[in-house]
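This report covers selected backbone, packing and core features of one model. The structure is shown first, and the notes follow.

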Amino acid sequence: MSTIPPFTHLHLHTEYSLVDGIVRVKPLVKAVASAGMPACAVTDQSNLFALVKFYKAAEPAGLKPIAGAEILVRNPEDASQPYRLVLLVQNHAGYLNLTRLVTRAYLEGQGRHGPTIERGWLDAGAAAGLVALSGGRDGDVGRALLAGREDEAARALDAWLRVFGDRYYLELTRTGRPGEEDCIAGSLDLAVARGVPVVATNDVRFLAREDFESHEARVCIHDGTLLADPSRPRRYSEQQYLRSPGEMAELFDDLPEALDNASELARRLNLEI
């Protein structure tokens, strides 16, 4: 009998991610524990609102809670399209740095897309104690790859490596959205060329596949659009649910190291509150 390898979700938005999440904390903890996953991260967009509630629910359930946030980084070439970067807390110093970044985004970086940071704010000192995921197709590396600008993608990667060193991972997702496979192919080339690890996520926005329509309603409320409007942006897919370790193993059967890295990275992320 084959053994299903462990897996940890490292990119997940709860209902506290006011833009696009509908996952409630207590049902999340129950679902993660029921699936046999030892840990889970909450990475709400530009906030840590769920942190205390998540820790209080996870620890009694025997689940390791991982703190983090998805940060928007201003794109100097196009302010209307900020990049995404997932920051995960490795230790207490990283927690303090993440709270400072989020606070500064609210105080100094408010704009059309909400709290946003400047790239220059995230230097080696501000990144201490934090682990970064590239943001997949929505990060600066991924967008450059999808635009066919491989040299630009390599420069962006090198810039992040100067900040994070071995605490930077190229994020791979397979959720049925356009460009994902091209982004994976380009990311793997960069990973080999630069010796950078890759990590699989499912960019989770809801617990079960059947919750997709409820999620889309939440997005429409935020965006001020109508669910039935055929011209509204479709940024998400019904596959962005809390996939089980078995589902993730099947999805990334050609890239087992991306799954192993998710579990290994979870062991490096330790914050006590």
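In which loop does serine 46 lie? The model is a predicted one, and in it serine 46 is placed in the loop between strand E1 (39-42) and H2. Most residues other than glycine have a negative phi. Serine 46 is not a glycine, yet its phi is positive, about 60°. Its relative accessibility is 6%, and residues under 20% count as buried, so serine 46 is buried.

Aspartate 203 also has a positive phi, about 45°, without being a glycine. The loop that holds aspartate 203 runs between strand E6 (198-201) and helix H7 (212-223). With a relative accessibility of 5%, aspartate 203 counts as buried.

## Packing of H1 and H2

Two packed helices are described by the angle between their axes and the distance between the axes. For helix H1 (residues 25-34) and helix H2 (residues 51-58), the angle is about 40° and the axes are 9 Å apart. Angles under 35 degrees would count as roughly parallel and those of 65 to 115 as roughly perpendicular; H1 and H2 are therefore oblique to each other. The crossing of H1 past H2 is right-handed.

On the H1 side, the contact is made by Val25, Leu28 and Val29. Their partners in H2 are Lys53, Phe54, Ala57 and Ala58. By class, the residues of this contact are six nonpolar, one charged and no polar.

## Nonpolar cores

The largest nonpolar core contains 79 residues. Leu10, Leu88, Val141, Phe164 and Tyr168 have the most contacts inside this core. Helix H5 (residues 150-164) supplies its largest share, seven residues. Another core lies apart from it and has five residues, among them Phe212, Val219, Tyr236 and Tyr241.

Which residues does valine 141 touch, not counting those up to four places away in sequence? They are Ala153, Ala156, Leu157, Trp160, Tyr168, Leu170 and Leu190. One of these, Tyr168, is also listed with valine 141 among the residues with the most contacts inside the largest core.

Glycine 165 is found in the loop between H5 and strand E5 (168-173). Is glycine 165 buried, exposed or partly exposed? Its relative accessible area is 32%, which lies between the 20% limit for buried and the 50% limit for exposed, so glycine 165 is partly exposed.

Glycine 165 and alanine 124 are separated by 41 residues in sequence. In space, the C-alpha to C-alpha distance between glycine 165 and alanine 124 is 9.2 Å.

Conventions:
Residues are numbered from 1 along each chain as its sequence is written. This is a predicted model: local features need pLDDT of at least 70, side-chain atom pairs count only at pLDDT 80 or more; totals for chains, interfaces and linings use all residues. Side-chain values use heavy atoms; hydrogens and water are left out. Axes are lines fitted to C-alpha atoms, for helices over the stretch in contact, and angles run from 0 to 180 degrees between N-to-C directions. Helices (H or I, at least four residues) and strands (E, at least two) are DSSP runs, numbered from the N terminus. Angles under 35 degrees count as roughly parallel, over 145 as roughly antiparallel, 65 to 115 as roughly perpendicular and the rest as oblique. A crossing is left-handed if the near helix is turned anticlockwise from the far one by less than a right angle, and right-handed if clockwise. Contact means heavy atoms within 4.5 Å. Ala, Val, Leu, Ile, Met, Phe, Trp, Tyr, Cys and Pro count as nonpolar, Asp, Glu, Lys and Arg as charged, and the others, Gly among them, as polar. A nonpolar core is a set of buried Ala, Val, Leu, Ile, Met, Phe, Trp, Tyr and Cys residues joined through side-chain atoms within 4.5 Å. Buried means under 20% relative accessible area, exposed over 50%, partly exposed in between (1.4 Å probe, protein chains only).
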